[in-house]
Amino acid sequence: MKNSKNPKIRPARLEDASRILEIIRGVFESYDMIYDPENDYPDLVNFKEHYPPGQQELLVLELNGAVAGCGAIKVDEGGSACLSRIYIAPESQGEGLGEYLVRY
């Protein structure tokens, strides 16, 4: 990884939801995409309802104590895992952080 800012990954907390949505907005804007969190990200808008412990976990990637990315994992009844919500803040992209998050 190119980044030397000592990234840390931890479970997301309710207070992280607004920063996660801000990161996603920044990614969408950098690609000239329409950002509609109410329809596209109801899990983040209604964080408490969508991320119960043990069923679906949302993680955040921190750089120097600030949230710089996120990723979610959902394990189905058969034990298969699905990754989603992989986003890195535009200002932190290109440093290998997305790969770091996925490998985690």
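**Group meeting talk: cores, salt bridges and cysteines**

Let's start with Ala-17, which lies in helix 1. Helices here are DSSP runs of H or I with at least four residues, strands are runs of E with at least two, and both are numbered from the N terminus.

A word on the source. This is a predicted model, where local features need pLDDT of at least 70, side-chain atom pairs count only at pLDDT 80 or more, and totals for chains, interfaces and linings use all residues. Residues are numbered from 1 along each chain as its sequence is written, and side-chain values use heavy atoms, with hydrogens and water left out.

Back to Ala-17. Is Ala-17 buried or exposed? Ala-17 counts as buried, at 9% relative accessibility. Buried means under 20% relative accessible area, exposed means over 50%, and partly exposed is in between, with a 1.4 Å probe and protein chains only. Which residues does Ala-17 contact, leaving aside neighbours within four places in sequence? Leu-44 and Phe-47. Contact means heavy atoms within 4.5 Å. Lys-48 sits 31 residues from Ala-17 along the chain, yet their C-alpha atoms are separated by 9.9 Å.

Next, the cores. In soluble globular proteins, nonpolar side chains tend to be buried together. A nonpolar core here is a set of buried Ala, Val, Leu, Ile, Met, Phe, Trp, Tyr and Cys residues joined through side-chain atoms within 4.5 Å. The largest such core has 20 residues. Those touching the most other members are Ile-20, Ile-24, Tyr-41, Leu-44, Phe-47, Leu-58 and Tyr-87. Where do the members come from? Helix 1 (17–30), strand 2 (56–63) and strand 3 (66–75) each supply at least two. Helix 1 gives the most, with 7 residues.

Look at Tyr-41. Not counting residues up to four places away in sequence, Tyr-41 touches Leu-21, Ile-24, Phe-28, Asp-36, Arg-85 and Tyr-87.

Ser-92 is in the loop between strand 4 and helix 5 (97–103). At 8% relative accessibility, Ser-92 counts as buried.

Now the charges. Side chains of opposite charge can pair when their charged atoms come close. A salt bridge here is a side-chain nitrogen of Lys or Arg within 4 Å of a carboxyl oxygen of Asp or Glu. How many salt bridges does a search of the whole structure find? It finds 7.

Take Arg-10 with Glu-62. Their closest N and O atoms are 2.7 Å apart. Arg-10 lies in strand 1 (residues 8–11) and Glu-62 in strand 2, so this pair ties together parts that are 52 residues apart in sequence. Both residues are buried.

Arg-13 and Glu-15 make another bridge, with the closest N and O atoms 2.9 Å apart. Arg-13 is partly exposed at 40% relative accessibility, and Glu-15 is exposed at 55%.

Then there is Arg-85 with Asp-43, where the closest N and O atoms are 2.8 Å apart. Arg-85 is in strand 4, Asp-43 is in helix 3 (residues 42–45), and the two are 42 residues apart. Arg-85 is partly exposed, with a relative accessible area of 22%. Asp-43 counts as buried, at 8%. One more point on bridges: those that share partners join Arg-10, Asp-16 and Glu-62 into one network.

Stay with Arg-85 for its backbone. Its phi is near 55°, a positive value in a residue other than glycine. Asp-32 also has a positive phi, of about 55°, and is not a glycine. Asp-32 lies in the loop between helix 1 and helix 2 (37–40). Asp-32 is exposed, with a relative accessible area of 75%.

Last, the cysteines. How many disulfides does the structure hold? It holds 0. A disulfide is a pair of cysteine sulfur atoms within 2.5 Å. Cys-70 is buried, with a relative accessible area of 1%. Cys-82 is partly exposed, at 47%.
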